[in-house]
Amino acid sequence: MREWLRERQLIRDDWRSSLQTIQDKVAKALEGLPDNEALQQAKRGINVKEVNYFLCRKLRDLLTSDKDTSQKNWLGQYKNQATKEWEGILALYHKDNVNLAEAAQLLAQNVEFEIPAIQKLMQQCTRQQQELHRKENEYKRGAGEYKARYEAECLKLGIEGGNLMKELLKRSEELPKLYLEMIEAAKSAEVCRACELYACYVRYVSEKELDLRQLLPSLRCDVWLLADDS
């Protein structure tokens, strides 16, 4: 692009020196910008070496759109010093088409470096997004499996699982009844006969006369009474 402009004598060969002069003026002009919220926001994070014609024109337009910095005298010149400085900077850009040379340079940099870098970043982001989608589906499947297991365990316990603590405490109220049923079952003749059979086996193997109370101490004495009666 720059060669095309140079061949048609639209830019000079020493346009870089003119651009350096403009950048020096930009550095000083940035320090003299008035305390304006819009200007300060546009100025924030600016690197002087990265300032180009388009940013300079944006700053000039902000100055000329504010009533305090856009007033002119009877000769049609801006009264505000900052506005005059940025008008002068744009005039230097327009002289010998330095702005065209700079724009051509930016365009070449974008085509050769910036756009390929962005494309590479997009590919990386696409791969990362695909990986995240895969993990999301995997986690969803895992969550579904654990939910099914949770519901199955709740079903075994006879609860819905909506309020686990409350439902478990409610179930604990049935424990006394369950314990009474267990006691009644332990008193049954079937349990007593099973205990006696176990005792006979242990006596036979150990060749020792052992009492049921020694062999099965955890059962209540009521069981032994029934066993003795049988």
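Trainee: What is the relative accessibility of Glu87, and how does Glu87 count?

Mentor: Glu87 has 26% relative accessibility and therefore counts as partly exposed. Buried means under 20% relative accessible area, exposed means over 50%, and partly exposed lies in between, with a 1.4 Å probe and protein chains only.

Trainee: Before we go on, what sort of model is this?

Mentor: It is a predicted model, in which local features need pLDDT of at least 70 and side-chain atom pairs count only at pLDDT 80 or more, while totals for chains, interfaces and linings use all residues. Residues are numbered from 1 along each chain as its sequence is written, and side-chain values use heavy atoms, with hydrogens and water left out.

Trainee: Which residue forms a salt bridge with Glu87?

Mentor: Arg60 does, with the closest N and O atoms 2.9 Å apart. Arg60 is in helix 4 (residues 53–65) and Glu87 in helix 5 (residues 81–94), so the pair ties together parts that are 27 residues apart in sequence. A salt bridge here is a side-chain nitrogen of Lys or Arg within 4 Å of a carboxyl oxygen of Asp or Glu. Helices are DSSP runs of H or I with at least four residues, numbered from the N terminus.

Trainee: What else does Arg60 pair with?

Mentor: Arg60 also forms a salt bridge with Asp61, where the closest N and O atoms are 2.9 Å apart. Arg60 counts as buried at 17% relative accessibility, whereas Asp61, at 35%, counts as partly exposed.

Trainee: How many salt bridges does a search of the whole structure find?

Mentor: Eleven. One of them joins Arg134 to Glu138, with 3.2 Å between the closest N and O atoms. Both residues lie in helix 6 (residues 98–157), four residues apart, which is about one turn of the helix. Salt bridges that share partners also join Arg12, Asp14 and Asp96 into one network.

Trainee: Changing topic, how do the axes of helix 2 and helix 6 cross?

Mentor: The axes of helix 2 (residues 15–31) and helix 6 come within 10 Å and cross at roughly 100 degrees. Axes are lines fitted to C-alpha atoms, for helices over the stretch in contact, and angles run from 0 to 180 degrees between N-to-C directions. The two helices are therefore roughly perpendicular to each other, a term covering 65 to 115 degrees.

Trainee: Which residues meet there?

Mentor: Trp15, Arg16, Ser18, Leu19 and Ile22 in helix 2 meet Val98, Ala101, Glu102 and Gln105 in helix 6, contact meaning heavy atoms within 4.5 Å.

Methods. Parallel < 35°, antiparallel > 145°, perpendicular 65-115°, else oblique.
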